[in-house]
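Hi,

Here is the model I promised to pass on. Please have a look at it first, and then read my notes below.

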There are 6 protein chains.
Amino acid sequence: MLNVVITDPPRADLAETGKLAEYGTATVHEAIGRRGYLGPSIRPVQQGTRISGTALTVLCWPGDNLMLHLAVDQAREGDIVVATTTSPSSDGLFGELIATSLAAREVAGLVMGAGVRDTAELREMGFPVWTASVSVQGTVKETAGAVNVPVTVGGQVIRPGDAIVADDDGVVCVPRLEVAAAVAASAARVAKEEAARRRLAAGDSSLDVHGLRAKLASLEYITAAEYARRSGEGLQGAGS
Amino acid sequence: MLNVVITDPPRADLAETGKLAEYGTATVHEAIGRRGYLGPSIRPVQQGTRISGTALTVLCWPGDNLMLHLAVDQAREGDIVVATTTSPSSDGLFGELIATSLAAREVAGLVMGAGVRDTAELREMGFPVWTASVSVQGTVKETAGAVNVPVTVGGQVIRPGDAIVADDDGVVCVPRLEVAAAVAASAARVAKEEAARRRLAAGDSSLDVHGLRAKLASLEYITAAEYARRSGEGLQGAGS
Amino acid sequence: MLNVVITDPPRADLAETGKLAEYGTATVHEAIGRRGYLGPSIRPVQQGTRISGTALTVLCWPGDNLMLHLAVDQAREGDIVVATTTSPSSDGLFGELIATSLAAREVAGLVMGAGVRDTAELREMGFPVWTASVSVQGTVKETAGAVNVPVTVGGQVIRPGDAIVADDDGVVCVPRLEVAAAVAASAARVAKEEAARRRLAAGDSSLDVHGLRAKLASLEYITAAEYARRSGEGLQGAGS
Amino acid sequence: MLNVVITDPPRADLAETGKLAEYGTATVHEAIGRRGYLGPSIRPVQQGTRISGTALTVLCWPGDNLMLHLAVDQAREGDIVVATTTSPSSDGLFGELIATSLAAREVAGLVMGAGVRDTAELREMGFPVWTASVSVQGTVKETAGAVNVPVTVGGQVIRPGDAIVADDDGVVCVPRLEVAAAVAASAARVAKEEAARRRLAAGDSSLDVHGLRAKLASLEYITAAEYARRSGEGLQGAGS
Amino acid sequence: MLNVVITDPPRADLAETGKLAEYGTATVHEAIGRRGYLGPSIRPVQQGTRISGTALTVLCWPGDNLMLHLAVDQAREGDIVVATTTSPSSDGLFGELIATSLAAREVAGLVMGAGVRDTAELREMGFPVWTASVSVQGTVKETAGAVNVPVTVGGQVIRPGDAIVADDDGVVCVPRLEVAAAVAASAARVAKEEAARRRLAAGDSSLDVHGLRAKLASLEYITAAEYARRSGEGLQGAGS
Amino acid sequence: MLNVVITDPPRADLAETGKLAEYGTATVHEAIGRRGYLGPSIRPVQQGTRISGTALTVLCWPGDNLMLHLAVDQAREGDIVVATTTSPSSDGLFGELIATSLAAREVAGLVMGAGVRDTAELREMGFPVWTASVSVQGTVKETAGAVNVPVTVGGQVIRPGDAIVADDDGVVCVPRLEVAAAVAASAARVAKEEAARRRLAAGDSSLDVHGLRAKLASLEYITAAEYARRSGEGLQGAGS
């Protein structure tokens with residue numbers, strides 16, 4: 001639904017949302033049932049940053065960043081702006097000036113389904129950004145879109161107020177009403193993984209630590225000689 | 001036009017060209033009317049470098065870097081080599097050895113529409129490169145192309161002697177005769193942005209700073225409850 | 001051939017294999033006749049690391065990392081795990097936990113034709129990885145594939161026991177029986193390049209250093225004025 | 001939500017849904033406010049077919065078509081199966097055998113976010129298919145997904161029972177409760193376009209027919225000579 | 001240069017331009033020195049059509065087709081509209097209504113660097129189109145671009161009045177002043193190819209017909225047994 | 001291994017190879033254990049053709065089709081030429097003239113990992129082609145490659161003399177020594193599928209026909225109301 005600004009979207013609990021950054025995207029994604037990942041095309045422009053916050057969603061027209069300017073006025077502390085375009089675009093809709101505005105309102109970062117620019121300045125000022133493209137291409141400020149309606153980025157629906165967690169691996173969205181459950185499940189997963197990590201570091205078999213041997217019934221362990229006999233090619237090849 | 005080397009291409013004024021690096025790609029691109037950007041597929045192999053210079057153009061056959069060797073002899077201090085292939089190729093046409101030659105001639109950097117290799121060495125020696133691909137794939141040195149003819153990279157025509165500015169966001173080309181105007185317009189834009197930045201950092205609305213409120217006439221500000229009523233879905237969703 | 005684990009694949013000579021890392025991918029690729037490069041889509045998740053080792057190959061079902069767990073048990077010191085899927089997948093099949101297991105067995109690194117996650121943790125623990133994708137997307141552990149059969153990554157066949165060399169430029173595979181020859185040819189190439197580098201740094205022409213002038217017979221050296229006459233456009237253009 | 005089959009999803013009104021095929025994707029997409037398009041990567045495997053129906057949604061694991069077999073049992077006359085995978089896959093999850101089953105249940109067609117095969121047979125039997133990939137690659141039938149939960153294809157959320165319209169241009173989804181409104185708006189649009197078409201065919205200006213002249217205030221009409229003067233390049237160029 | 005309409009661009013000779021369609025894209029491309037091809041991403045929406053005409057160029061804002069409506073008024077008999085966007089877009093900027101207008105003005109076809117829709121109707125009405133995308137996605141009519149300025153599609157600069165030839169293989173642009181030469185060279189090439197075709201159809205060796213044997217000096221003709229000895233793998237392999 | 005022509009590669013049994021075309025790519029691919037598929041990027045330029053034959057392999061330099069001319073002399077009746085380049089290229093290496101030569105030698109078709117042109121003429125003369133690209137871009141005939149060495153296309157190794165089967169779905173390679181087994185397994189699969197098809201056409205459940213019910217133990221069948229309760233969103237949504 002275009003041409004609307006929702007002024008009072010409910011937000012995920014901020015205290016719980018803040019805890020997601022302790023766990024990171026891979027853990028949270030697993031904890032909520034392997035859901036919510038925005039896909040490998042949304043990449044960070046900085047390295048080593050992990051944040052979480054509540055989604056302030058922005059839907060722009062391609063080649064037009066008017067709604068990002070409007071979104072600034074709707075921003076609340078702890079938000080992460082999640083912006084995209086009504087059809088695919090790689091243009092640089094976002095740069096250092098809007099980041100300055102958002103930082104002044106204590107917004108935690110940006111997730112962009114189109115493109116951003118001023119990446120050196122963004123790194124310097126410490127405003128974290130995840131984006132589908134880095135592009136110098138400038139935009140107009142002409143056509144209205146929407147703010148705080150559900151948007152789709154990387155095949156995931158993000159609703160305003162959903163929790164966002166982002167790090168070097170990418171971005172995950174946790175539905176607003178599931179954040180507390182996600183935090184609890186993440187904590188449980190981390191505890192379990194810590195035990196596994198100790199065993200694995202000590203050299204225990206990964207198959208034993210994860211109890212996977214039963215799944216290998218169909219496998220045959222054979223020698224290289226047997227393989228050569230069956231496949232007719234052996235392993236001595238020189239490549240092509 | 002293949003199989004020619006233009007020996008005396010006119011070059012943009014070097015003093016003016018040098019100033020473009022102070023402004024960077026986004027500012028220069030805006031200053032000349034949102035033109036000249038080589039697109040998001042041309043990426044730097046280093047981080048934090050911003051240069052400008054005059055284009056020394058090179059057109060190679062795919063899988064063949066013969067003309068890059070020839071280009072070395074045509075290089076002048078302050079040039080940036082802009083090389084590409086007659087049809088799409090990702091092969092590593094350029095590496096540390098040719099960079100050594102170019103550095104010895106005070107060439108400022110390379111923009112490559114195909115591929116480069118030796119990226120660790122290039123970073124170590126401080127020779128800046130922007131490229132469409134990083135590729136180990138080696139090439140022959142057999143078929144003649146052209147040097148200092150107009151070439152197309154990322155949908156932009158670059159003529160020998162045009163000014164090139166490149167940084168973490170990508171590469172922009174400024175036509176040779178427009179460089180002084182581009183510098184003046186960039187300076188004006190920076191001054192204007194500095195004023196805007198101060199207001200935005202102080203928390204002024206982006207809509208007011210840029211005078212955008214008139215463009216929002218068609219927008220409706222509605223509550224989440226009203227949105228739920230109209231859309232039939234509300235914002236309480238759990239995601240998919 | 002699926003559902004087999006080859007338990008005793010012959011390996012390239014470890015001492016010779018270890019020397020490949022001194023030369024790096026570009027030199028080794030050239031030394032063996034411009035072969036063995038896994039292509040520009042396999043990229044490192046860290047910067048400044050160069051390793052070599054013997055391939056431990058893993059073939060997984062898309063969306064399923066069961067065989068990576070099994071591969072841990074087959075790992076030997078000096079191996080590099082080379083894993084891919086039976087059809088294209090970008091999912092995160094590999095992360096910090098399996099890396100912990102492999103590091104405990106002195107495995108040198110991972111080359112992945114699908115995706116990895118936990119990249120921040122992998123960089124922190126110093127386990128080097130080259131991959132086609134970074135992806136948070138989790139996988140099941142259900143369907144058997146194969147370990148130590150020939151696999152294809154980036155258009156190259158990698159057989160278990162082949163030598164792998166990887167650095168910032170990408171990954172190259174050297175057939176098992178050609179490693180000693182590859183080391184010798186790499187050493188010869190480096191010696192030759194060192195001589196060339198000295199001449200090039202001193203400003204000698206690249207055409208003379210590489211003896212290329214004979215190949216330029218078809219080239220014409222013309223003036224910009226002559227080019228303008230022939231092409232009808234000249235070089236004064238303002239761009240588009 | 002995985003591992004569930006919703007057995008009684010509400011469906012859009014079948015009579016109204018059937019009318020969408022009379023209008024086609026472009027008209028319906030415009031009629032509902034330029035929404036619902038599944039993007040240019042979902043293409044038909046046949047030419048000249050236009051259908052509409054209600055979505056029976058299927059979520060498969062990559063490389064696994066188990067849930068498509070289950071979906072057959074849930075199929076009702078007038079459904080269009082909309083299937084995709086939990087992470088990106090191009091594998092051929094669907095072919096002539098499942099099509100035979102669906103045709104026997106009067107299903108109108110298939111929309112596939114992964115891949116299909118047997119395209120010659122599908123064309124021959126007249127079962128229409130839109131797909132992201134054509135791929136011979138076979139799949140297992142091992143891991144459970146979900147049937148009739150919301151899925152995302154081409155950046156659009158499709159809920160079971162939503163209306164689908166598909167033709168040579170692609171696929172559009174109309175939310176279940178908006179179908180009657182979409183039909184009415186499509187009819188109105190067609191009537192208006194028919195009037196425009198008559199005027200345009202008679203040679204009337206497109207600017208007048210659509211009332212666009214007011215938007216062209218900023219345009220300058222200039223001669224080629226004036227363009228040459230301003231741009232410094234003219235239009236006489238010979239190309240590169 | 002945006003926001004201008006050039007009203008009197010010079011056009012290539014129409015009689016000569018018309019002859020290009022007799023030769024087709026491959027022949028004309030070779031005849032002018034392997035130049036002018038708009039690349040493999042511009043594909044026809046119909047099969048078996050070959051046209052030529054003079055370029056009427058249109059530059060639109062992404063997601064906005066306002067300038068296509070204006071272009072109708074500038075169209076002259078024998079033109080081919082060549083349209084693209086200022087930054088990458090796949091949206092459907094063109095459809096059956098604008099085609100009706102262009103057909104009424106005897107325009108020969110459309111080449112589109114963004115997207116088109118109504119492909120079934122376009123085929124039915126016999127209006128030929130080549131395009132980078134087929135997309136249902138609708139556009140606004142808000143922001144001015146330019147008409148009859150040079151544009152870039154597929155890496156080629158097309159100036160208004162240049163000759164365009166298009167067929168099942170794609171699109172080639174011939175600079176305005178080179179059309180007569182291109183026709184003559186195409187005719188010569190066709191004559192030469194006809195002679196070659198007769199010899200080849202009679203079974204003569206392609207190497208003799210094209211005089212290529214001298215270029216094969218470096219080749220060795222070896223037996224499969226010799227290959228097996230040298231490569232260590234032979235040709236008996238079973239594949240992977 | 002470059003610069004060699006293997007003159008006497010062993011070929012798969014021609015009578016058995018000929019039978020593969022009766023079964024088509026999907027059946028053969030399944031019959032040999034889901035192997036040998038050249039991937040979704042290799043597409044036919046015609047519709048409705050299914051062929052099989054023995055591979056005559058050709059390795060060209062990018063932008064250079066010299067070896068295709070040489071391959072003509074090595075062609076034998078029943079061969080299918082499988083050609084690719086040493087690094088990625090989309091150029092049109094193959095067209096109607098070489099097809100004329102191959103047809104004169106009773107070659108059955110072409111599989112191309114780079115590009116082809118003259119597609120209208122190829123369809124007209126009935127010479128079937130599968131290719132990664134259609135491209136007008138012409139090539140030189142300068143640099144030697146290899147004929148009848150193993151090549152890689154679409155991630156598959158094809159050795160000279162292997163059997164190739166190709167149809168509307170793509171291309172599958174069967175190792176030379178496995179052809180008779182592939183024919184037998186294909187016949188068995190077709191017989192089994194025919195029985196399944198009859199049951200499915202009669203309306204039997206796909207789950208019963210394939211015996212899949214046991215695999216669905218983890219699935220829950222729930223109502224839409226129960227889904228709404230669990231997910232918090234229901235299925236009434238209006239989409240975004």
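How many residues does the contact take from chain F and from chain E? It takes 49 residues from chain F and 47 residues from chain E, where contact means heavy atoms within 4.5 Å.

Before the rest, some housekeeping. This is a predicted model, in which local features need pLDDT of at least 70 and side-chain atom pairs count only at pLDDT 80 or more, while totals for chains, interfaces and linings use all residues. Residues are numbered from 1 along each chain as its sequence is written, chains are lettered from A and ligands numbered from 1 in the order in which they are written, and side-chain values use heavy atoms, with hydrogens and water left out.

On confidence, the predictor gives the complex an ipTM of 0.94 and a pTM of 0.94. Chain A has a mean pLDDT (the predictor's confidence in each residue, from 0 to 100) of 94, and 96% of its residues reach 70 or more.

Back to chains F and E. Together they bury about 4,100 Å², 56% of it on carbon and sulfur atoms; buried area is the accessible area (1.4 Å probe) that two parts lose on being put together, summed over both. Six salt bridges run between the two chains, a salt bridge being a side-chain nitrogen of Lys or Arg within 4 Å of a carboxyl oxygen of Asp or Glu. F:E96 forms a salt bridge with E:R197, with the closest N and O atoms 2.2 Å apart. On the side of chain F that touches chain E, the elements giving two or more residues are β1 (4-6), α2 (66-74), α3 (96-104) and α4 (119-125) of chain F (helices, H or I, of at least four residues and strands, E, of at least two are DSSP runs, numbered from the N terminus). Of these, α2(F) gives the most, with seven residues.

Over all chains, the salt bridge count comes to 132. In chain B, B:R35 forms a salt bridge with B:E178, the closest N and O atoms being 2.7 Å apart. That pair links distant parts of the chain, 143 residues apart.

Best wishes
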